[in-house]
Structures are given as C-alpha cells and as structure tokens.
Amino acid sequence: MEKNKGLYKEIFREAKYRKLLLANFIDRLGDSVDAIALTWIVYQITHSAAWSAIVFAFNTLPNVIVQPFAGAIVEKLDKRKVVVATYFIRATILSGFIALYRFGMAKPITLALFTLLITTVESFNLPASSAFAAEIIKKEHMTSGMSINTIFSRAASLIGTGIAGVIIAVLGVSFAMFIDVSSYIISAVLIILIPYEQTLAAEKKQGQNTLKENAKDFANTLKEGVVYVLGTPVVRNFCVLCVVLNFMLVPLNALQAPIAGDIFGMESELLSFAGVLSSIGGILGAVLLPYISQKLSPLKTTISGMAVLVVGIALIPIGRFAYGNTVLSYAIIGTSFFLMLVAVSLIGGTLQIQFMKSVEKEYMARASAVFNSSATAAMPVGSLLVGALVAYTGTFWMLVFCTVFVATVLVTVVVTRPVLEVADDDTKSDKTAIIKEMSA
C-alpha cells in the first residue's frame, strides 16, 4: 500500500509515467479546444437543432457499438503502436475536414460522417490506451498515478475550455481545430519515446492463419472478453456502477439551461459559474482520493462519494426557493456542482483505479472496451428517457425524481455491499473459472 509521505513523489520519478501523463494532458487540452470549435462549426454549418442531435449521436455511437469489437482486435496487437497509429489517423482525418471547411465545402452530412469516422478511430484508441497505461504504471503506484492523470485531465479541460473562446474569436475556428491536430501529433511522439516491449507471439501466429481461422480467433477473443467481464464479479460490479453513475448524471447534463432558467430564474452566466466550481471540485476530489483510499476501502469510498452526490443533487431543486435571488442562486448552484464533481471524482476514480488493478493484462483491452461501451451507452439512452419524462413532469419534479433515484442507489449499495476489490491471489482463480465455463 502507498504511504502518505511522498504519495505523489514516487510516481513522478518514473520517466515512462511522466511522458504518458504529458501525452494525456496535451491530448485532453486539444480535445477541449476542439469540442468548443466543433460546437461552433455545427451551428455555422447547420443552423439546425436536428443536425446538432445527429452529430451528437454520431459522436457517441461508435464508442457504444464499435468499441467492444475494437477491444478484441487491440488485445492481439502492440498497444503502443495502436495508440500512436490512432493519434496519427485522427490527425489526418481532422486535417482533411479543416481543409474542406476552409474551402467552403463542408456540408452537414460531411460533418456528421467525419465525426463518425474520428470517433470510430477513437474506439480503438481508448482500449489500447487503457491497456498501455496498465502496463506502464506499476500496480503499487496505480492509485496515485490514475489520480494525478485525472487531475491533469480536468486541468487540461478547464484550460482548454477557457481559452477556446478567445482562440476562436481572435484566430478563427480553423486554427482552434488545428490545435487539436497538433495535440494528436505531439501526444503520438511522446508515446513513441516511452520504452516499451511486448511479446507479439499471438500477433505473429494470427498473421500466419487463414482468413477463416483469423475470424474464428477474433470471435473467440471477443467472447472471452465479454465472458470475463460478466463472469468476474468485481469487474461486472464496476461496469454496473459506472452505467448507473452516468445515468444519474444525465438529467443534470441534459437540463442545464432549464435549471438556470426554470429553477433559479437566471441567465447562462449562472452555468458558467457552476462550470468553474465543478472543475475545481473535480480536481479537489482527484487530489484527495489517494489519501482517502488510505483510510477507507473502495466500497466505503464509493458509498461516501454517493452520499455527497445525493446532497449535491438535492440542492438543485431546493434552489427553486431562491428563484430570482442572484447571490443565493450562485451560492446554491456553486455548492451543488462543487459537491457533485467531488463525488464523481471519488466514485469514478475509485472504480477506474480498482478496474486497472483487478483486470488481468491479457484481458485489459477487451474488458476496458466493454467497460467504456456500457458506461457510454447510458448517456444517449438516459437522454431519451429524460426528454420524454421532463415533457410531462417539468424540470423541478424531474430533478426531485433524480435526487430520489440517487438516494435509492446509495441505499442499495449500502445494503448489497458489492465487491469492488480483489486480493492479489484471487485473479488467477477467477480466470481458471472463466476458462472452464467457456470450455463447457
């Protein structure tokens, strides 16, 4: 177990980790700038809410549908090569779109297709990155390493979101998107510089097989990954809790404008203030997580985070009583979003760290693909349900229902006490049981 003294110092001594951390920071910074630029381009090209929804769907579907299959493919390949290749491919695709946009040839359908293509490539990058990080970060440094990565990612998002508007206003939307292209290239170079060795016997053998044998091997690899997730209680619990967590947060993401107007009677400036406080809360939660994990088990940390989340969400419908009161509205929503992101950092960080610790390396790409896919699927499904319900209940009662739902999940976790960690010697027995199950 990591000691409080020098908790972060040890991981920073690892040259491989420093390069990985910097690569992730630059990648996230570029994506944050590009997210604002893409929103602006969608508005400029389409002037349509329907097309905005289509682009959003194209931006999420590959991570839900393609990623499980991508994980099975990635598992047989050199993880670093996949990460680097996907960075360069995304840079090339985005450069092509920038060229079309500059020459006035970008149409709504073009935007949607380019978004679909980039996200499809990202579906290969995500499981490869998770597997690569699991091999780079030592197990004893996993908690501090993943927490620092979360801190840097949130800081990059905060910086990127903050400077994106200025960059677009002064240098144009094309330049903002070119920053994302540059971030892909720089991140790829940093990953290349990380010393890395992997046995590729499986890959060489696969190359010698016939097409039919390769197809059968792929099917078995995919099946093994799914069975591994479903058949390993601790990994299955991670997936379920992440799906539930994303589902719980959907109303808060989908109803931000109604929250500002209907609940507090305020303008969009209230949401900007809430966004700043949420970023600070997210960073604080990530900073505190390694220290809290010294005192509490993963289950107790998750329960504590959910309790804080209930309080944060409950404050929003209570804000109805502050309608029109500027000072009180800012105080309530600032406290609410701050607490919620502290909670999300504690819960999400704990699940991610335990996932990286618990999953065997040979299953990491496939398991993380299923993990990410199932968690992402909660967002579009939840958005449809929220859209249908809020039309009948209104914003206030939708938020009350959300508070009750989160409280119910908290009670369920306290009562059922799901397993969220495994002993070092448990993994092999889990794997043996899975192999027997598949053989049967």
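This report describes the overall make-up of a predicted model and then a few of its local features.

## Overall make-up

The chain contains 17 helices and zero strands. Of its 440 residues, 47% are buried. Among contacts with a separation of 6 or more, 90% are between residues 24 or more positions apart.

The accessible surface of the chain is about 20500 Å². Carbon and sulfur atoms account for 67% of that surface.

## The salt bridge

A search of the whole structure finds one salt bridge. The partners are R90 and E122, and their closest N and O atoms are 4.0 Å apart. R90 belongs to helix α5 (residues 79-102) and E122 to helix α6 (residues 108-136), so the pair ties together parts that are 32 residues apart in sequence.

The two partners can also be described by their accessibility. R90 counts as buried because its relative accessibility is 2%, where the limit for buried is under 20%. E122, at 21% relative accessibility, counts as partly exposed.

D31 is found in helix α2, which covers residues 15-46. Side chains of opposite charge can pair when their charged atoms come close. D31 is buried but has no salt bridge. The nearest side chain of opposite charge is that of R90, at 4.7 Å.

D31 does have a polar partner: its side chain and that of Y184 are joined by a polar contact of 3.2 Å. Leaving aside neighbours within four places in sequence, the residues in contact with D31 are D180 and Y184.

## A nonpolar surface patch

F88, I185, V189, I192 and L193 make a nonpolar surface patch of about 400 Å². Helix α8 (residues 173-192) supplies the largest share of this patch, with three residues.

I192 is one of the patch residues, and its place is in helix α8. With a relative accessibility of 44%, I192 counts as partly exposed.

## Two loop residues

V359 is placed in the loop between α15 (326-358) and α16. At 5% relative accessibility, V359 counts as buried. Apart from neighbours within four places in sequence, V359 is in contact with Y228, V235, M364 and A367. Y228 lies 131 residues from V359 along the chain, and the C-alpha atoms of the two residues are separated by 9.2 Å.

R417 lies in the loop between α16 (364-416) and α17 (426-439). Its phi is positive, at about 50°, although R417 is not a glycine. R417 is partly exposed, with a relative accessible area of 46%. V359, by contrast, is a loop residue that counts as buried.

Key:
Residues are numbered from 1 along each chain as its sequence is written. This is a predicted model: local features need pLDDT of at least 70, side-chain atom pairs count only at pLDDT 80 or more; totals for chains, interfaces and linings use all residues. Side-chain values use heavy atoms; hydrogens and water are left out. Patches are made of residues with over 30% relative accessible area and no salt bridge: like charges are joined within 9 Å, nonpolar side chains (Val, Leu, Ile, Met, Phe, Trp, Tyr) within 5 Å. Accessible areas come from the Shrake-Rupley method with a 1.4 Å probe; for residues, only the protein chains shown count as cover. Helices (H or I, at least four residues) and strands (E, at least two) are DSSP runs, numbered from the N terminus. Buried means under 20% relative accessible area, exposed over 50%, partly exposed in between (1.4 Å probe, protein chains only). Lys and Arg count as positive and Asp and Glu as negative; His and the chain ends are not counted. A polar contact is a pair of N or O atoms within 3.5 Å; within protein, one must be able to donate a hydrogen and the other to accept it, and residues adjacent in sequence count only if both atoms are side-chain atoms. Contact means heavy atoms within 4.5 Å.
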